[in-house]
Amino acid sequence: MNDASFRKIAFLAVSRFVPPLSAIGAGLLLASCATSDLPRVSVADANAGLVQGYRIAGGDKLKVTVFDEPTLTGEFSVGLDGSLSLPLINAMQASGQTPGELSAKITSALAAGGYVLSPRVSVEVAQHRPFYILGEVNAPGEYPYIGDLTVEQAIAKAQGYSARANKSEVVLRRQGWAEGRKVRLGSTPLLIAPGDTITVQEAFF
């Protein structure tokens with residue numbers, strides 16, 4: 001076998017296992033373009049929706065107290081469809097309401113059914129639905145939500161950034177948003193809500 005034939009065979013063997021540079025470049029381009037068309041919002045805009053009061057959603061666990069009625073008092077889970085089932089009254093939609101609004105709704109249902117005279121009801125969130133953090137963190141996954149959580153605290157729960165992480169922005173997907181949104185991080189803390197999905201992307205240098 002002459003040198004030319006050997007070099008041809010060696011090239012064909014290697015090319016079976018090593019993708020061409022154009023394919024590698026295309027893969028990187030597709031990865032970077034996957035979120036390039038997402039809308040961008042400021043930290044202030046992302047935080048603004050949270051100051052309007054907490055909205056209940058599927059996965060939350062609520063403490064419902066009917067004063068002087070221990071058999072009607074307890075902790076109840078909101079179904080994934082947003083419904084809440086309580087003793088004596090029909091299942092009702094809880095998703096999208098504040099605890100105060102739901103309290104008034106339960107009070108009206110108890111009074112209308114004649115089950116309790118002058119009912120007084122309190123609703124508190126006993127356990128929030130979890131949040132999720134994905135991408136370039138050391139321990140991605142689902143985590144329990146604790147009140148007044150910031151993105152920095154969320155990343156700390158996931159054992160910090162990976163070595164490849166883009167630390168200047170995240171992709172945030174919030175319940176009620178049709179799609180994820182890019183948020184550039186700065187001096188103002190980005191607040192995280194129950195049910196949020198945070199994606200930390202890879203930095204491209």
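Does Gln 159 count as buried or exposed, and at what relative accessibility? At 57% relative accessibility, Gln 159 counts as exposed, because the threshold for that class is over 50%. The model discussed here is predicted. Gln 159 lies in the loop that runs between helix H5 (151-157) and strand E10 (169-173). Its phi is positive, about 65 degrees, although the residue is not a glycine.

A second residue of this kind is Leu 88, which is not a glycine and has a positive phi of about 75 degrees. Leu 88 is placed in the loop between E4 and E5. With a relative accessible area of 47%, Leu 88 is partly exposed. Most residues other than glycine have a negative phi. A positive phi is also found at Gly 114, where the value is near 70 degrees; this glycine follows helix H4.

The protein chain as a whole contains five helices and 13 strands. Of its 205 residues, 36% are buried. The accessible surface of the chain comes to about 12,100 Å², and carbon and sulfur atoms account for 57% of that area. Among contacts between residues at least 6 apart in sequence, 54% join residues at least 24 apart.

Helix H4 comprises 15 residues (residues 99-113). At 1.5 Å a residue, H4 should span 21 Å, and its end C-alpha atoms are 21 Å apart, so the two values agree. The buried residues of H4 are Pro 99, Leu 102, Ser 103, Ile 106 and Leu 110. Seen down the helix axis, these buried residues fall within an arc of 105 degrees, and therefore line one face of H4. An α-helix has 3.6 residues a turn, so residues three or four places apart point the same way. The cover over the buried residues of H4 includes strand E2 (61-66), strand E4 (83-84), strand E5 (92-93) and strand E6 (121-127).

Strand E3 (residues 74-77) holds Phe 76. Phe 76 has a relative accessibility of 16% and therefore counts as buried, the limit being under 20%. Leaving aside neighbours within four places in sequence, Phe 76 is in contact with Asp 60, Lys 61, Leu 62, Val 64, Leu 84, Ser 85, Leu 86 and Pro 87. Phe 76 and Ala 126 are separated by 50 residues in sequence, while their C-alpha atoms are 9.0 Å apart in space.

One aromatic pair is present in the structure. The ring centres of Phe 131 and Tyr 143 are 6.0 Å apart and the ring planes lie at 25 degrees, so the pair is stacked; the angle for this class is under 30 degrees. The pair links distant parts of the chain, with Phe 131 in strand E7 (residues 131-135) and Tyr 143 in strand E8 (residues 141-143), twelve residues apart. Phe 131 and Tyr 143 are both buried.

Strand E8 is also the place of Glu 142. Glu 142 is exposed, with a relative accessible area of 52%. When residues up to four places away in sequence are not counted, Glu 142 touches Pro 130, Phe 131 and Tyr 132. From C-alpha to C-alpha, Glu 142 and Ala 158 are 9.1 Å apart in space, and they are 16 residues apart in sequence.

The charged end of Arg 181 sits over the ring of Trp 177, 4.0 Å from the ring centre. Arg 181 is found in strand E11 (residues 181-184) and is partly exposed, with a relative accessible area of 26%. Apart from neighbours within four places in sequence, Arg 181 is in contact with Pro 39, Val 41, Val 170, Val 171 and Leu 172.

Conventions:
Residues are numbered from 1 along each chain as its sequence is written. This is a predicted model: local features need pLDDT of at least 70, side-chain atom pairs count only at pLDDT 80 or more; totals for chains, interfaces and linings use all residues. Side-chain values use heavy atoms; hydrogens and water are left out. Rings of Phe, Tyr and Trp (its six-membered ring) pair if their centres lie within 6.5 Å; planes under 30 degrees apart count as stacked, over 60 as edge-to-face and the rest as tilted. Helices (H or I, at least four residues) and strands (E, at least two) are DSSP runs, numbered from the N terminus. Buried means under 20% relative accessible area, exposed over 50%, partly exposed in between (1.4 Å probe, protein chains only). A charge sits over a ring if NZ of Lys or CZ of Arg is within 6 Å of the ring centre and within 35 degrees of the ring normal. Contact means heavy atoms within 4.5 Å. Accessible areas come from the Shrake-Rupley method with a 1.4 Å probe; for residues, only the protein chains shown count as cover. The expected span of a helix is 1.5 Å times one less than its number of residues. The arc is that of the directions from the helix axis to the C-beta atoms.
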